[in-house]
Amino acid sequence: MAQLTILEFPDPRLRTVAEPVTEFTPALRQLIDAMRATMYSAKGIGLAATQVDVHQRLLVMDVSNEQDDFQVFINPEIIQRSGEQIYEEGCLSVPSIYASVKRAEQIRVRAQDADGNSFEKDLEDLAAVCLQHEMDHLQGKLFVDYLSPLKQAMVKKKLAKQRREATASVA
């Protein structure tokens, strides 16, 4: 399966608000398969379509240790949330950067599957964090937006340095 390119912060395309998915076609299934391959290859636990420059309300995730609980959420919306937790988050679009973010501890999400069937699911702990994180992407928001302006500037500098070093090692 073809791998997709993951956009990296501060790419402005990451700020695009995703549109609802209205057509459940074979092309959508191909996109889901490509996102699955990309997420697993990058050793991630979640990936939003926005991160691969597809601006549709679609995300995939698998928070299992065995990578055997692949889930698809199309047009997700959180309909209930409770509790609160602080979790050290990372992001495939912000490589090697981690920060503590406050999120709901338990959520109930309503979404559609790859066939367009609606479902509701209760998530907690890491699964709840992951879904909230990926849903932020669909709104054009990144976990670094929860950081202070000073920390955001430090993240940009660190990522720019990583890119320079990666480019220098290839040359």
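**Close-up views of a predicted model**

**View 1. Strand β3 and its partners in the sheet.** In this predicted model, Ile78 stands opposite Val109, a residue of β6. Strand β3, residues 71-82, and strand β6, residues 106-112, pair in the antiparallel sense, and six bridges connect them. Strand β3 is also joined to strand β2, residues 58-61, by four bridges, and these two strands again run antiparallel. Within that pairing, Val60 has Val72 of β3 as its bridge partner.

**View 2. The five-stranded sheet as a whole.** The strands follow one another in the order β1-β2-β3-β6-β7, forming an open sheet whose pairing is antiparallel. Strands β1 (46-48) and β7 (118-124) stand at the edges, and because each has a single partner strand, one side of each is left without a neighbour in the sheet. On average, and with direction ignored, neighbouring strands of this sheet are turned by 40° against each other.

View 3. Helix α1, which comprises residues 26-41, lies across β1, β2 and β3, and runs at about 40° to β2. The helix has 16 residues and reaches 22 Å from its first C-alpha to its last, close to the 22 Å expected at 1.5 Å a residue. Its buried residues are Leu28, Leu31, Ile32, Ala34, Met35, Ala37, Thr38, Met39 and Tyr40, and what covers them includes β1, β2 and β3. After α1 comes Lys43, whose phi is positive, near 60°.

View 4. A search of the whole structure finds two aromatic pairs. In the pair shown here, the ring centres of Tyr40 and Phe70 are 6.3 Å apart and their planes stand at 55°, so the pair is tilted. Because Tyr40 lies in helix α1 and Phe70 in the loop between β2 and β3, the pair ties together parts that are 30 residues apart in sequence. Tyr40 counts as buried, at 16% relative accessibility. Phe70 also has a charged residue over its face, for Arg36 lies there at 4.4 Å from the ring centre.

**View 5. Phe73 and Phe119.** Phe73 and Phe119 form an aromatic pair that is likewise tilted, with 5.7 Å from centre to centre and 50° between the planes. The pair links distant parts of the chain, since Phe73 belongs to strand β3 and Phe119 to strand β7, 46 residues apart. Phe73 is buried, with a relative accessible area of 0%, whereas Phe119 counts as partly exposed, at 24% relative accessibility.

View 6. Helix α2 covers residues 125-138, and at 1.5 Å a residue its 14 residues should span 20 Å, which agrees with the 21 Å between its end C-alpha atoms. Twelve of the 14 residues of α2 are buried, so the helix is largely enclosed by the rest of the structure. Gly140, which follows α2, has a positive phi, near 80°.

How values were computed:
Residues numbered from 1 in each chain as written. Predicted model: local features only at pLDDT ≥ 70, side-chain atom pairs only at ≥ 80, totals over all residues. Heavy atoms only, no water. Pairing = 2+ DSSP bridges. Axes fitted to C-alpha atoms, helices over the stretch in contact; angles between N-to-C directions. Contact = heavy atoms within 4.5 Å. Expected span 1.5 Å × (residues − 1). Buried < 20%, exposed > 50% of the residue type's maximum accessible area, 1.4 Å probe, protein only. Phe/Tyr/Trp six-rings, centres within 6.5 Å; stacked < 30°, edge-to-face > 60°. Lys NZ or Arg CZ within 6 Å of the ring centre and 35° of its normal.
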